[in-house]
Amino acid sequence: MPPHDNLFKSLFRSLFRDLLLLVDAQLAARLPAKAEVEFRDKELLPDSPQEEHRVVDLLAAIPDLAGGCTFLVHIEIERSAGKEIGRRLWEYSIRLRGQYPEPSVSLVVFLRGGPPGATWQTHVEETAGHEVACFRYLSFGLSKLPAQELLARPEPLAWGLAALAKPGTLGRARVKFEALKKIATAPIREHHRLLLMNCVETYLPLKGRDAEEYASLAGAQESSEIQAMQMTWADKIEAKGIVKGRREGRKEGADHFRRLVLRHLGQRFGSVPAALQKRLEAIRSVEALGAIADQIFEAQSIDELGLGE
């Protein structure tokens, strides 16, 4: 399985409301419409100098209507289900309570294993045969969840996550085609579209008969939107390849990458100011241009890219 941390952290940060809707509609209802979710410092301070620092995957503060914070959502992304996750989440919750005044809800997303779909789980702490603590947390298991259920959901995040779900009678090729078709044609932000596409392409590669079936599906139906989206996504992958293959930062690599950055800036934010184009022209390092490209589809504004004077 490919490295998952950064991919899913970016997905869940960008489509956080979708995630809440998938795991618990009541939690999602607590998030005001069009509210900006604050993602807090993920480092949990130790109780003593001897204890190690711990870092959670994501920590979101749910705002209330008055602009404050009502509760925290702590998210852990696990490659596979493990027996100790309940205790680990419980320990994290204790640290969170000591560090922040707000109550928290814990959610673990299992890429493999775990109960299918969203369920509330209970971790019990016992001492000398007696129950001394009971901790409840949400789990969201993907690999045993029917992909068809996710494809039927209205949340775009669900379509991307269908790549990790159980294909069932649909088959891998049909799941991939339906997911990409929904992502390509949905009225969503371009950077959300590319994040979701990256999830599908990363976790649902096709070979042999599956690849042939996908090609047949794409050829039999209008799929120009999918092709355009795949070309844009391929540009990003190519850009990363340039960074890896041209460590010396040769001029042709930098020029190619600069054009790619300018095109994606235009797609993401509209017209690119002349002053910004001039600053990009002054950047000769492929690595520096690559770092900018990696941020474009997650940044909310050009200012976040750090390209100011």
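**Entry: Glu125**

I began with Glu125 and left aside its neighbours within four places in sequence; Glu125 is in contact with Arg87, Trp90, His130, Glu131, Val132 and Ala133. Contact here means heavy atoms within 4.5 Å. I noted that this is a predicted model, where local features need pLDDT of at least 70, side-chain atom pairs count only at pLDDT 80 or more, and totals for chains, interfaces and linings use all residues. Residues are numbered from 1 along each chain as its sequence is written, and side-chain values use heavy atoms, with hydrogens and water left out.

I then placed Glu125 in strand β7 (residues 117-127). Helices (H or I, at least four residues) and strands (E, at least two) are DSSP runs, numbered from the N terminus. Is Glu125 buried or exposed? Glu125 counts as buried because its relative accessibility is 12%. The cut-offs are under 20% relative accessible area for buried, over 50% for exposed, and partly exposed in between (1.4 Å probe, protein chains only).

**Entry: the chain**

I counted 13 helices and eight strands. Of the 309 residues, 46% are buried. I also looked at contacts with a separation of 6 or more: residues 24 or more positions apart account for 64% of them.

**Entry: the cores**

I looked up the largest nonpolar core and found 58 residues. Such a core is a set of buried Ala, Val, Leu, Ile, Met, Phe, Trp, Tyr and Cys residues joined through side-chain atoms within 4.5 Å. Phe8, Leu11, Phe12, Ile75, Phe140, Leu157 and Leu161 have the most contacts inside it. A second, separate core has 13 residues, among them Leu280 and Ile283.

**Entry: Phe12**

Phe12 sits in helix α1 (residues 5-14). I list Phe12 as buried because its relative accessible area is 0%. Beyond its neighbours within four places in sequence, Phe12 is in contact with Leu19, Phe39, Leu58, Ile75, Ile77, Val109, Leu157 and Leu161.

**Entry: confidence**

pLDDT is the predictor's confidence in each residue, from 0 to 100. The chain averages 82, and 78% of the residues score at least 70. Where is confidence lowest? Helix α10 (residues 224-245) has the lowest, at a mean of 55, whereas helix α6 (residues 156-161) has the highest, at 98. Over residues 241-249 the pLDDT is below 50, and this stretch has 15 contacts in the model beyond near neighbours in sequence. Where pLDDT is low, the predicted coordinates should not be read in detail.
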